[in-house]
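The sequence and structure are shown first.

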Amino acid sequence: MFSDFSSWAVGKCWILSGTETGCHACRSRAFQTCSVSQESGEAPDIIHEEASVILEEMAHRLKISTVRFFAFTLTKAFKTLFQHICVNEEGIHRLQQAIQEHPVVLLPSHRSYMDFLLMSYILYTYDLALPVIAAGMDFMGMKFIGEMLRMSGAFFIRRSFGGDKLYWAVFSEYVKTMLRNGFAPIEFFLEGTRSRTCKSLTPKIGLLNIVMEPFFKGEVFDVHLVPISISYERILEESLYARELLGVPKPKESTSGLLKARRILSENYGSIHVYFGQPVSIRSLAQDKVNRCKYNLVPRHIPRKPTKETQSFVTDTAYRIVRLQEDSMVLKPWVLMASILLQNLEGLELSLLTEQTLWLRGLAQSCGAFLDWPDHTPSAKVVSSSLALHRGLVCVSGGRVSLVLGEPQGLVTPEEALFNRAVSVLSCASYRNQILHVFIRPAILAVAIHNAASSKKDEVFNCFSFLCKMFSDEFILCPGDTVQDFEEACYLLVKSGSVQTLQQNIVVTDRGQSTLSFLNGLLESFLQGYQVVCQYFCEEACDSLTEKQYIPAVRSFAVKLILAGNLRCYEVLSSDMQKNALAALLRLGAVSKVKVADQVTLKVNKLAVNSLEDTLGGRLPTQKAVLARL
Amino acid sequence: MSATVHCFPRQEIMKWNGWGYSDSKFLFNKKGQAEFTGKRYRLSGMILPSLQDWFENTFGASVKQHKSPPSLNAGALPPANLNEAFLQDLTATGIPFSHEADDRVFRAHGHCLHEIFALREGRGFQRVPDMVTWPNCHNDVVKIVELACKHNVCVIPYGGGTSVTGALECPPEEMRCIVSLDTSQMNRILWIDEKNLVARIEAGIIGQDLERLLNEGGYCTGHEPDSMEFSSLGGWVATRASGMKKNVYGNIEDLVVHIKVVTPRGVMEKSCQGPRMSTGPDVHHFILGSEGTLGVVTEVTMKIRPIPEYRKYGSVVFPNFEAGVACLREVAKQRCAPASIRLMDNEQFQFGHALKPQVSSIFTSFVEGLKKFYITKFKGFDPHQLCVATLLFEGDRERVLQHEKQVYDIAAKFGGLAAGEDNGQRGYILTFVIAYLRDLGLDYYVVAESFETSVPWDRVLDLCRNVKERIIRECKERGVQFQPLTSCRVTQTYDAGACVYFYFAFNYRGLADPVHTYEQVEHAARDEILANGGSLSHHHGVGKLRKEWMKESISDVGLGMLRSVKEYVDPDNIFGNRNLL
């Protein structure tokens, strides 16, 4: 399915028809939009100028010489870094066809800086039109590289511009003009930012909304969305991410930083798989879901808030695409091993690890995982070569495999030791996270079965649905799809022989015990992590807790618990989990934001938080928790 | 029973299962060349050498696969369900009527594809009128409607029979006796008022007769819908018709000064003929577009104009459709549209070429070749992109010439090249013969239909492109084996938008139920039109074909308003054709 293209073909011919004119067209239209959208009394020429500045800051300037230079350098770099870059060629052919028919939007997963370089590199190699990429402003700060990226097709957007109407107008008009002209595919990341945890982030729908609008307004016949899954065997930023999650601030993107990153060039990062999915037609998706006549009554250049119906359609689509990305992520054997190791932090025998990995392989395959397991290699060799590639994370001594505990040199404070250990746990978790999408529904069901007061199907469902609500920022669970998700989970567990459904009861079979306990273990750290956050709110949080203070505060709370020996879960130290937990509590109304002067403080409803905590821990039946919230 | 009338010539000279006159039709002769029979049109009796190639290449059809329609099978007709009491009373009035099979079938349909197809397949209709009556004047209509109310009989007014919305179809669930009220005998011009330039005309008059009669006195109405050879004044009023030359003369609602209409509640008419009134909502507008659901229009006072001194055709070639639309928009903006201006897309341009008659002299073909060379090679127009606008100017000579220059100057700004009077004139002749072509298609397994919409200027191009693409896609999805012909033209310009007319045809071989497939595709096309900001109809009307979209189009309240009028005017649903609502 994937074909290897480590070798580089030279002498590409290139067509860049009318990109320049496209820009001009956009300029004029964007201005028009702005002048209309601006209700303030500012003079039109001032607005004009402002818009002009924004456009300068944002626009891409595709230059083929730059792209060639980039391609040349990247080929060198990729060759040293990676063993293989594998691309599914039939996906490329589909893409080729789609580009000819309709405007195309490329939606890759986002796990690394490499992603968009890699995308442009691949499209260039296959002689496809280079994408125009919406990249975050932080890249622009990188002096020389920023300009280079711009010249290879990136345009830059501010991370947040919620309030700036003019910026929004210029930006959305820019994207739409590019789409309507259809000279080049548009590329952006649905997840909005790089996932530091290697599990997909819940999609942001702003940009997706923009690229769908030309279809809703009839300006184009259709738009095709192409989900693209980029799977790295090892991520360049691996330990960087772990540190970032633990609160070591992330270095600002700078050219010198990139140069320092040269150190990583000497390491082996395994292979990359890029899977171009089936193009998804917005027209087909929107049929019977979006009434386009709504757009008839206002001139099309006037920006409008999407209706509720449209909003939910765009959200659904975004989730659908992210799931498609997840489904085609290529999983390496190490991902299975990491999942097992994380449930055995004290380490385990190599032979046992091999055995369990093979068992998990079977389970993963029955759940539809896209596993890249070398077929004709003895399993012992598969395991040992994975261990070798990730020797920075695991060590084997005396036939026992365990996580590396960080640098043991010299005397370290207990806190430092803890953080070192947390780095390896979080790094390891980032591999386990890659397989979460395969097991997430069965795993939630497993927890639900475990927590539910009885095995009655509706009670299990209540519990399941509660967990889905709780974890909807943590995992890709489309709001409103709970029933479907539940059925899917039941189907998978029944199929693998782990549970039986008998007259409205869900019963765990004998041979299903091990599966369920593994699945329970998979979510254990999340359940614990959320409970710790709840516990923090109930026990420690003061009234004047601001949003900014929240993360350091909850972190030191968790550190205390771990040092006291009351908690063994290191993942709760991850700021990602802390943020997600807070988002869940906010969404469920247990915590609310209150604006006091310039500060946003968090107001805690201790009763509600407490009952959520108990429900998560299975100490309180779900039904009551729901009532308590009401 | 007596008083069966058979002396009405129209029915005798017209096809019962196709468009127009019996003597006029397209056919492929023994040599395989296309010709148009009869003597009525400029194209009549001519050989059209390129039509066969175009036909075979466009549709993947073969002229060898001929399929001739059966003749009328009177036995297949549902028996007449007569209301004896009504019949007795009607006989007493002396108004002629008939319940002969051919009279009934002739008035059971309009010209929708499914109607013509059913006739040609010999399948007929589930429900046809049980009898036909021919009132001679307003008072006859009053009598008929009174009797219909008295005996609870359903009345369906019938004018020219050119409906393309299923408006003339009898509702299959109608259990009462259905009387087709044929207005064709009410065809007189009652008076002409030269001081005010209006004429009082009976509503049954057919367009071309009206024009001919007025021409005799030096006048015209200037109302020329494409169907004017066969459609009636009453029908125009009932459907809100639009004429080709509306830019000078206006659409029917602009032309009408006074309407007399017979409803079950009685006769409605205004008390004076003032040119404009502020007397609440204009009651004429309940009648205009009522599609025979409220009553029968019997007499109309209509504006007339002196016949224009000078008339000149013209045409402009544009490099592509986009340039053409931009030009029309500019013309509309400057409010200098000629009497008619129409923009045909490339498909229609090529189709027009296929209908060029054999050239008589070597010189003509040489000139044609030279023109083609100039446009495609010298000017660099792509023959698969270029499109043509046809123009018609009317007025006094000097003004026309001045006007012409203005329009050509605008066209030049958009890359348009003047392409001669002849091309323009041919474009308008085609309008009248094009309807005959569907019958030719049906002879060779090709179904065809047209539909129209009106749309704001900024959406014209998007709508045309999206609708065409939707049709092609839907056909593919439904197993149509050859790519369909989709073509459009911008036929009318307004200040705020344009009227767009679509043609759509495909080869249906290999399809189990071509009409059903066709209807599904047309339905999808209409959805697409509405989604792209187009209207449900510009001038064809709603009939039964587009009823389902009415609520969406005019809102619940709007529909309720129309319903309450219907309920007041016709509580017993005497005018029960069930159009519109």
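In this predicted model, strand 13 of chain B, which spans residues 296–303, is mostly covered, since seven of its eight residues are buried. Strand 13 pairs in the antiparallel sense with strand 9 (residues 198–202) of chain B over five bridges, and within that pairing Val300(B) is the bridge partner of Ile201(B). Strand 13 also pairs with strand 11 (residues 256–263) of chain B, again in the antiparallel sense and over six bridges, and here Val297(B) is the bridge partner of Val261(B).

Elsewhere in chain B, seven strands form an open, antiparallel sheet in the order 18-15-17-16-20-21-19. Strand 18 (417–418) and strand 19 (446–456) stand at the edges with a single partner strand each, so one side of each is left without a neighbour in the sheet. How many of the 11 residues of strand 19 of chain B are buried? The number is nine, so strand 19 is largely enclosed by the rest of the structure.

| Strand pair (chain B) | Bridges |
|---|---|
| Strand 9 and strand 13 | five bridges |
| Strand 11 and strand 13 | six bridges |

In chain A, helix 21 (residues 575–587) has 13 residues and reaches 18 Å from its first C-alpha to its last, close to the 18 Å expected at 1.5 Å a residue. The N-terminal end of helix 21 is capped by Ser574(A), which has a side-chain oxygen 3.1 Å from the backbone nitrogen of Asp576(A). Asp576(A) is itself buried, and the buried residues of helix 21 also include Ser575(A), Met577(A), Asn580(A), Leu582(A) and Leu585(A). Just after helix 21, Gly589(A) takes a positive phi of about 80°.

Positive phi values also occur in residues other than glycine. Asp288(A) has a phi near 65° and lies in the loop between helix 11 (282–286) and helix 12 (308–327) of chain A. In chain B, Glu291(B) has a phi near 55°, and its place is in the loop between helix 11 (284–287) and strand 13. Are these two residues buried or exposed? Asp288(A) is exposed, with a relative accessible area of 80%, whereas Glu291(B) counts as buried at 8% relative accessibility.

Between the two chains, 17 residues of chain A are in contact with 14 residues of chain B. The area buried between chain A and chain B is about 1,300 Å², and carbon and sulfur atoms give 34% of that area. The count of salt bridges between chain A and chain B is five, one of them being formed by Glu528(B) and Arg292(A), whose closest N and O atoms are 3.1 Å apart. For polar contacts between chain A and chain B, the count is 10 residue pairs, with both residues at pLDDT 80 or more.

Technical notes: Residues numbered from 1 in each chain as written. Chains lettered and ligands numbered in written order. Predicted model: local features only at pLDDT ≥ 70, side-chain atom pairs only at ≥ 80, totals over all residues. Heavy atoms only, no water. Helix = DSSP H or I, 4+ residues; strand = E, 2+ residues; numbered from the N terminus. Expected span 1.5 Å × (residues − 1). Buried < 20%, exposed > 50% of the residue type's maximum accessible area, 1.4 Å probe, protein only. Polar contact = N/O pair within 3.5 Å; in protein donor to acceptor, adjacent residues only side chain to side chain. Pairing = 2+ DSSP bridges. Contact = heavy atoms within 4.5 Å. Buried area = accessible area lost by both parts, 1.4 Å probe. Salt bridge = Lys/Arg side-chain N within 4 Å of Asp/Glu carboxyl O.
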